[in-house]
Amino acid sequence: MGYAPQAWIDHAALQHNLKRAKRAAKGSRIWAVVKADGYGHGMLRVASSLGDADGLAVARLDEALQLREAKIQAPILVMGGCHTGEQFHIASEAALQIAIHDSAQLRCLSETRLNPQSLKLWIKVDTGMHRLGFATSEITRVVAALQANPAVAELNLMTHLANADDRSDPATKTQCKLFESLDHSHFDACSIANSAGLLGHPASLSDWVRPGIMLYGVTPFAESSAEDEGLLPVMTLQSRVIAVKQCRKGDRVGYGGTYTCPAAMPVAVIAIGYGDGYPRHAPSGTPVVVSGRRLPLVGRVSMDMISVDARTLPGVKVGDEAILWGRGLPVEEIAGAAGTIGYELLCGVKRRVEFVDIGPGEEA
Ligand SMILES: Cc1ncc(COP(=O)(O)O)c(C=O)c1O
């Protein structure tokens, strides 16, 4: 078999982060966001440890149906909504809550005959993100159309924050104020906050909050670490050293020879690459923790391998453990080095990596 990477999924950390979200939510109910295969952790795997959330939120109908097929009976919100009559039928039969964000969906719903009182809807209003959502000026018309539809059992209102991860951006307050200024008398419940709203903007707390990234132990903010926010990493991406090369001064390492050894030095080769989801753009210097010591990556990331400068770990040998991110090495740091965000790295871990569940009280 040889050495191959593993993604350890720490369920105790996930539950800890959910508790952290609950404390910050101050009584608001929690949609735990598990879209994109649970931010790359495995949607069913993470859902199994999020039973204390009030519901699960996904982007697409097929994600919601996978949850239902797995016998998950919790409330499920499909944030991208339905686009065909058949999808509305399926959603109502599976007791899914559905966001509705544009006129084409509204029209489609009005042309679809569903059982009376079978659909809980979330009208999405655009308060400044300019991605999904009805304009505030359209809400009265949308509410009237939906109130006249016998299939609608419940009407709720939601919006999404565009830049809450920048605590100093006044746009978040403006979005919250605009949301609050709407007539709420038609709605059973409201929802604004993502993780950054929940942790950084009390004005965005309402009946429901929708944290995603914080549940996976990643800070939404640039200026505070996950540890500062009381979060624990859920995924640790781990692999092993598969070769140690004794390079000479002037040797060039890897494709394109982009790194030149400044001295005679050991270079350790680790079984992880962009074919596993490690970012190809991670430059020389990106940290990798080998046997507990931070070593800098050298040369280009290959499909299945990376190399590290092992001068500070002279005893390095084949089989030594390497942590690419997670425990002791925040994914945010690797993302920063590679010019991306933790979300993308977590979502990008490939299925050829072996996923290993670590239950509460268990060790990897
Ligand atoms: C509508 C909506 N709500 C909530 C979230 C969760 O956001 P975050 O992962 O930043 O907490 C997302 C994620 O992109 C989203 O699209």
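Predicted model: local features only at pLDDT ≥ 70, side-chain atom pairs only at ≥ 80, totals over all residues.
1. Are the two partners buried or exposed? Arg167 has 35% relative accessibility, so it counts as partly exposed. Glu229 is at 8%, so it counts as buried. If you wonder why such pairs turn up, side chains of opposite charge can pair when their charged atoms come close.

2. Now zoom out: how many salt bridges does the structure hold? The count is 13. One of them is between Asp357 and Arg45, with the closest N and O atoms 2.8 Å apart. Here, too, distant parts of the chain are linked, since Asp357 belongs to strand β18 (residues 354-358) and Arg45 to helix α3 (residues 43-47), 312 residues apart. Asp357 is partly exposed at 39% relative accessible area, and Arg45 is also partly exposed, at 24%.

3. Have a look at Arg141 and Glu138 as well: their side chains form a salt bridge at 3.1 Å, N to O. Arg141 has a relative accessible area of 42%, which means it is partly exposed. Glu138 comes in at 25%, again partly exposed.

4. Next, pick out Ser195, which is found in helix α9 (residues 195-200). Why does Ser195 count as buried? Its relative accessibility is 3%, and the cut-off for buried is under 20%. The Ser195 side chain reaches two backbone nitrogens: that of Met214 at 3.2 Å and that of Ile213 at 3.4 Å. Setting aside neighbours within four places in sequence, Ser195 touches Arg210, Pro211, Gly212, Ile213, Met214 and Pro220.

5. The structure has one cavity of 30 Å³ or more, and the largest cavity holds about 50 Å³ of space. Which residues line the largest cavity? Among them are Lys124, Val125, Asp126, Thr127, Gly128 and Met129, along with Arg131, Leu132, Thr159 and His160. Sorted by class, the lining has three nonpolar, four polar and three charged residues.

Conventions. Residues numbered from 1 in each chain as written. Heavy atoms only, no water. Helix = DSSP H or I, 4+ residues; strand = E, 2+ residues; numbered from the N terminus. Buried < 20%, exposed > 50% of the residue type's maximum accessible area, 1.4 Å probe, protein only. Polar contact = N/O pair within 3.5 Å; in protein donor to acceptor, adjacent residues only side chain to side chain. Contact = heavy atoms within 4.5 Å. 1 Å grid on protein atoms, 1.4 Å probe; cavity = no way out; pocket = protein on both sides within 12 Å on 5 of 7 lines; lining within 4 Å. Points joined across faces, edges and corners; volume = space filled by probe spheres on them. Nonpolar A, V, L, I, M, F, W, Y, C, P; charged D, E, K, R; others polar. Salt bridge = Lys/Arg side-chain N within 4 Å of Asp/Glu carboxyl O.
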